[in-house]
Amino acid sequence: MRQVEEGFSEASSRSMLATIVSRATQLAGMDGGSIWEYDETREQFYLHATDRLPDELVEVLRATPIRKGEGALGRLALTGEPVEIRDIVDERSYQSRVREILIRCGYRSVLAVPLLPQRAQRPADEGDQTRGHPAHGQRSTELRCHHEDNPGHAEREPEPLRLA
């Protein structure tokens, strides 16, 4: 019975993450999104869920954990703050092993946002800056926008992302 419960729990978790990334992508007006989990021991992010990303890209992302400090997610691991890269074509602003496939798939900007459990959220002026930090086993979402197909996205300022 325990194996059935674990299987159900895992399937339920996958379904919940798929719903979260789908809603976040929609709310942010992005063309695709993904949810990653940070492994504190290995200092890498691993892909858990995606929304509207090409299969070719998903395969590469699953096979390429994102290292701490690499790309938008890696910067998020260092700072614990959302990271926006407006032009990933500019090598000075975005260095990642997945950069070329992102560009080949038509993506031009990336937004990485930490997803913290409610118990980890607290007023910004509290002292302990590491609790609730994505580099402590938390999940993060990375959203991608393709400016060529959605020129309006390039012009407007990003709105705050609220997951409800």
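The following dialogue explains how terms are applied to one predicted model.

Mentor: This is a predicted model, in which local features need pLDDT of at least 70, side-chain atom pairs count only at pLDDT 80 or more, and totals for chains, interfaces and linings use all residues. Residues are numbered from 1 along each chain as its sequence is written, and side-chain values use heavy atoms, with hydrogens and water left out.

Trainee: Why is D51 called buried?

Mentor: Buried means under 20% relative accessible area, exposed means over 50%, and partly exposed lies in between, with a 1.4 Å probe and protein chains only. The relative accessibility of D51 is 13%, so D51 counts as buried. D51 is placed in strand 2; strands (E, at least two residues) and helices (H or I, at least four) are DSSP runs, numbered from the N terminus.

Trainee: Which residues is D51 in contact with, leaving aside its neighbours within four places in sequence?

Mentor: They are V21, S22, T25, G32 and G33, where contact means heavy atoms within 4.5 Å.

Trainee: What makes strand 1 and strand 2 a pair?

Mentor: Two strands pair if DSSP finds at least two bridges between them. Strand 1 and strand 2 have 7 bridges, in the antiparallel sense, and therefore meet the rule. Within this pairing, I35 stands opposite A49 of strand 2. The hairpin of these strands has 4 residues between them, and E43 there takes a positive phi near 55°.

Trainee: How many bridges join strand 2 to strand 3?

Mentor: There are 2 bridges, and the strands run antiparallel. The rule asks for at least two, so strand 2 and strand 3 (residues 66-67) also pair. Q44 has R67 of strand 3 as its bridge partner.

Trainee: Why is the contact of R42 and D39 called a salt bridge?

Mentor: A salt bridge requires a side-chain nitrogen of Lys or Arg within 4 Å of a carboxyl oxygen of Asp or Glu. The N to O distance between the side chains of R42 and D39 is 3.6 Å, so the pair qualifies. R42, at 57% relative accessibility, counts as exposed, whereas D39, at 22%, is partly exposed. By this rule, the count comes to 8 salt bridges.

Trainee: What does the salt bridge of E56 and R104 tie together?

Mentor: The side chains of E56 and R104 meet at 3.5 Å, N to O. E56 lies in helix 2 and R104 in helix 4, so the pair ties together parts that are 48 residues apart in sequence. E56 is partly exposed at 42% relative accessibility, and R104 is exposed at 56%.

Trainee: How do you know that R86 forms a salt bridge with E84?

Mentor: Their closest N and O atoms are 3.8 Å apart, which is within 4 Å, and therefore the pair meets the definition. Both are partly exposed: R86 has a relative accessibility of 41%, and E84 has 38%.

Trainee: What makes a set of residues a nonpolar core?

Mentor: The members are buried Ala, Val, Leu, Ile, Met, Phe, Trp, Tyr and Cys residues joined through side-chain atoms within 4.5 Å. The largest nonpolar core has 25 residues, and F45 and L57 have the most contacts inside it. Among the elements that each supply at least two residues of this core are strand 1 (32-39), strand 2 (44-51) and helix 2 (55-63). Its largest share, 4 residues, comes from helix 3. A second, separate core of 5 residues includes L17, V21, I35 and A49.

Trainee: Which residues lie nearest the centre of the largest cavity?

Mentor: A cavity is a set of points on a 1 Å grid over the protein atoms alone where a 1.4 Å probe fits but cannot get out, and lining residues have an atom within 4 Å of a point. The largest cavity is lined by 12 residues, of which I66, Y94, S96, V98 and E142 lie nearest its centre. Helix 3 gives the largest share of this lining, 3 residues.

How values were computed: On a 1 Å grid over the protein atoms alone, a cavity is a set of points where a 1.4 Å probe fits but cannot get out, and a pocket is an open set with protein on both sides within 12 Å along at least five of seven lines; lining residues have an atom within 4 Å of a point.
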